[in-house]
Amino acid sequence: MATSQIPPEAQDPISVLISRLLAGPARPGQAFTLPGMTYGALYDMARRFKACFDTVGENRLPVCIATEDRAVIAAALLAGLSGGPELLIPHTLAPGTLAALYRRTGFTDAICTRDDLLPTGVTAIDPTALEDPAETLETDVAPDPERLWVWLTSAGDADEKPHLWSKTARNLLGEVDGLVNRYDINSGDRILSTLAPVDTFGLIFSLLLPLAATARVAAAHAITAADLAQGVEAISPTILVTDPSHEVALFNGNLAKGSLRLAFSTVTPTRPSAAAKMNGDRGIELVEIYGTPATGSIATRRRTRGETTFTPLDGIAWRVAGGILDVRSPFLSKELPIRDSGWFSVAGRVKADGDNGFTLVEPPMPAPATPPRPATGEDRQPIITFEPSGLRVPLVAGTSLHTLAADNGLDIRADCGGHGSCGKCRVLVNPAENFSPLTDSEIKRLSPEQLAEGARLACQTLALGEGTVTIPDTLAEPSEARGKTNISGTYAVDPTIRRLVLKGDSPDVTAANIPESLMDWLAHKADDSLAATADINALRHLSQFRDSLKEVTLVLHADTGLRRMVAGRQPASLGFAVDLGTTSVAGYLCDLTSGRLLAADACVNPQRRFGEDVISRICRINEKDTYLDQFQRLAAGGVDFILQRCLKQAGASIDAIDEIALCGNTTMQQVFAGLHPHGLGSYPYFPLTLIPPLASAGDLGLSCASTVPVFLMPVVSGFVGGDTMAAILADRPHERDEVTLIVDIGTNGELVLGSRKGLWVTSCATGPALEGAQISCGMRAVSGAIHRMWPDADNGRVTYDVLGEENGIKPMGICGSGIIDAIASMRHLGIILPSGRLDAADERVVRDDQGVGRSYTIVDRQQTATGSDISVTLKDIRQIQLAKGALCVGIEFLMRKAGIEKIDRTVLTGAFGAHFNWENALAIGMFPPAVAQSRVVAKDNLAGVGVVMALLDRKLRAEARGLCRRLRYLELATQTDFAMAFAMATTFPESAA
């Protein structure tokens, strides 16, 4: 079917662009090169090239383009697009490069006017000697955007073997089309380049770009400062194509803006001053391009607009995992190591900026404390290369691969905290002899096939010499976090903090000769006694104030007095609420005067690499005194990261932050405050205090003003923390006549039960299985996770949905909501027996040599992103049995202790609790019948809502301080019949099948 017969809205834009290019110019008399050739003459040359190429015949080798003449290159590209041979474009025309390409490809023809450049045996095609043009460039068949069009090259290794990158029409023209549309490049533009057209960047921006937009381009590229000045004067360019090194070498401070509206430049993180000079000194709109010859353009940013974030081009899927940028792009060359899932890891370190894009981490790696001395021969320190990121780090003796990766910004899953018991930190090493011997944990958890291919557990393996460590897709920890940011609105306001603007004369000595201080003067001027009080941190801050006192803004705290003073009139007052979870960190930026929530964001808790649950982290901190500081800094870093992202979303300054309120489980709050959690890991699991004292941002290592107060939510017990208190404040069950059960399911399960007559609370050891940890194919609820399943009665199989499947993402594993659905579906189909065993007689079950059912495959390896089966194993079922048994018995025992026989209302909350099928949970016995008989509602992250409310309303803080003393706490482990009841609750109800 010809392109013209397809409805316009259904046509492939790249096919349409190819057809337009081959149809010929709409304005033949318009110049293509300045000075030089018109579009009419250009297409005449292209038809001559087509006739020449047609005489060569099929199955021909690539034709090398050995010229820097823009018009000749453009004509050859048009002829190649019209069914001609593949074209080989060297990155330089140096004879050595051409000879290396000849040895590599064996090309026999080259477009060139100088025979002396070519290797012996290569025939020169002289563009000036071509005759008898083809009648047209158009073809009888529809354009094929996937046909190989061009081979690009880049400098190779020390043996001078250049790299070759194949490019289809879609690769190159898709990139060009996106840039033309994003920056409105049109026929009125005139382009001047400092880059040669054989340079990949020069080819795209100073040849294909004008060709696609019917724009004009300077015939020659500027090599010297005089060339540049002459080019500017001759064509009055509107677009400049350059790079930062040329800006320094050629412009020499003399480039005026003139008609220039845009300057395209490659990004050079090590030379930001050159980019700033282009942008700041000359007022030229600088667009930086992030990409390589092999990847094509990935993202752009406009420096003139103050952008630091790179925004990916349309059509490019991207994610940041462990500081590494992964992309799925139509511009990638097939020679790149693109994984089966379609993702390619781009070299270099980046940081995600929400959904907007990413920023470069400059420098890519932390600088060493002292410069390393040059090493040669055997003296050189061995290097460990982590793939697919390409990160190279020096070997550190006695350090596991997991720690080595984490210390350099690469997070590898470690659900067990690095004890070798979960098997989730599986990596591939090479050569095997340069790594420590296998441990018992590895022999137990890795199959013979995995061991044969070089698999190791990163937490168990030490590097003994130089080698490569490959981290599979599913084990690189993504920064994506779901389920905690879906709150918004305006809340009641009675803040602890307020700002007061003072304006008038500067202070002077009083006539009464009464002793007076700056604090006294401020209190008198403000007519507010709060301004006369300050703690030592506030006084230190005040002592450094150097601005005029004629107009200042005071930040006053209702309990502690003056917190800080800022110059001028700055009435904006913002607060930041934080839900510091075991798995993720969520933050909420609020206006302290209006109560409006301005921005929300979330990320993975950076402590997660040390274990999924708090006990793993407490054990780790107990190992070494310095580990507490490490964990505190990780928590503070996560809070800071989200704070910066929220400020950027709202377009606000960090100087406007006046207060922070934080909730979390008791362990998270103590560690964030720098308080050792030892007591929380041993009986009787006492917290240090139920009501934490007010802290300061400076003491906690946060980036806002050091005197900003940090409120920590009161806790109830060692395992019922400030997040549960925040949930109570948000839902307010203590003010209701009806009986409410709040179930917050995460890495721990917290329960609140009662009414205005009183509240009971307890904690259940559900473990991290319900968030995808300690499950053989488990993962968090991020892209690639199977999050919903149901039984298909027609084929007797379990069907599923995948997060991100609308973007072509294949399944990688199962998250918490998915594993609940899986167990319920398998019970419904009879695959799982009431005891929890797999029915070995069922042909769908995989059995071991003794005939015991061991696993059931949900997705076979041909359909997954990992190349491995996604299965539910007997061990996975046991983990869910333990979790669901603990939760069910916890609810029953809490009802018994509180003397409550009927629940009127059940509230499911938490990142997991509000996003799973509670009816399936009921079917497998996770909830007792009393829950089924109540009104069940799901509420997104009550803890987040509660901490926002406490940030904005000081009355709620006082209420929380009182509630933590009035709540009744049940320690399940002390109940004499708990063990028996728990064992009984681990079985599945008969009615589920």
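Trainee: How many cavities of 30 Å³ or more does the structure hold?

Mentor: Please keep in mind that this is a predicted model. Counting the cavities of 30 Å³ or more, the structure holds two.

Trainee: What volume lies in the largest cavity?

Mentor: Rolling a probe the size of a water molecule over the atoms shows where empty space is left. For the largest cavity, that space comes to about 80 Å³.

Trainee: Which element gives the most residues to the lining of the largest cavity?

Mentor: The lining consists of Thr666, Gln669, Gln670, Ala673, Leu675, Thr689, Pro692, Leu712 and Val715. Helix α17 covers residues 666–672. With three residues in the lining, the greatest contributor is α17.

Trainee: How many charged residues does that lining have?

Mentor: Sorted by class, five residues of the lining are nonpolar and four are polar. The number of charged residues is therefore none, as Asp, Glu, Lys and Arg are those that count as charged.

Trainee: Where is Pro684, which a cis peptide bond joins to Tyr683?

Mentor: The bond between Tyr683 and Pro684 has an omega of about 10°. Pro684 is found in the loop between α17 and β32 (695–696).

Trainee: Which residue does a cis peptide bond join to Pro35?

Mentor: Pro35 belongs to the loop between β1 (33–34) and α2 (39–56). Omega of its cis bond is about -15°, and the partner is Leu34.

Trainee: Is Asp184, with its positive phi, buried or exposed?

Mentor: Asp184 has a phi near 50° without being a glycine. Its place is in the loop between α5 (169–183) and β8 (190–193). Exposed means over 50% relative accessible area. Because the relative accessibility of Asp184 is 52%, this residue counts as exposed.

Trainee: What is the relative accessible area of Asp527?

Mentor: Asp527 also is a residue other than glycine with a positive phi, about 55°. It lies in the loop between α13 (518–526) and α14 (536–543). Asp527 is exposed, and its relative accessible area is 71%.

Trainee: Why is strand β6 described as largely enclosed?

Mentor: Strand β6 spans residues 148–154. It is largely enclosed by the rest of the structure because the buried residues number seven of the seven.

Methods:
Residues are numbered from 1 along each chain as its sequence is written. This is a predicted model: local features need pLDDT of at least 70, side-chain atom pairs count only at pLDDT 80 or more; totals for chains, interfaces and linings use all residues. Side-chain values use heavy atoms; hydrogens and water are left out. Helices (H or I, at least four residues) and strands (E, at least two) are DSSP runs, numbered from the N terminus. Buried means under 20% relative accessible area, exposed over 50%, partly exposed in between (1.4 Å probe, protein chains only). On a 1 Å grid over the protein atoms alone, a cavity is a set of points where a 1.4 Å probe fits but cannot get out, and a pocket is an open set with protein on both sides within 12 Å along at least five of seven lines; lining residues have an atom within 4 Å of a point. Grid points are joined across faces, edges and corners, and a volume is the space filled by probe spheres set on the points.
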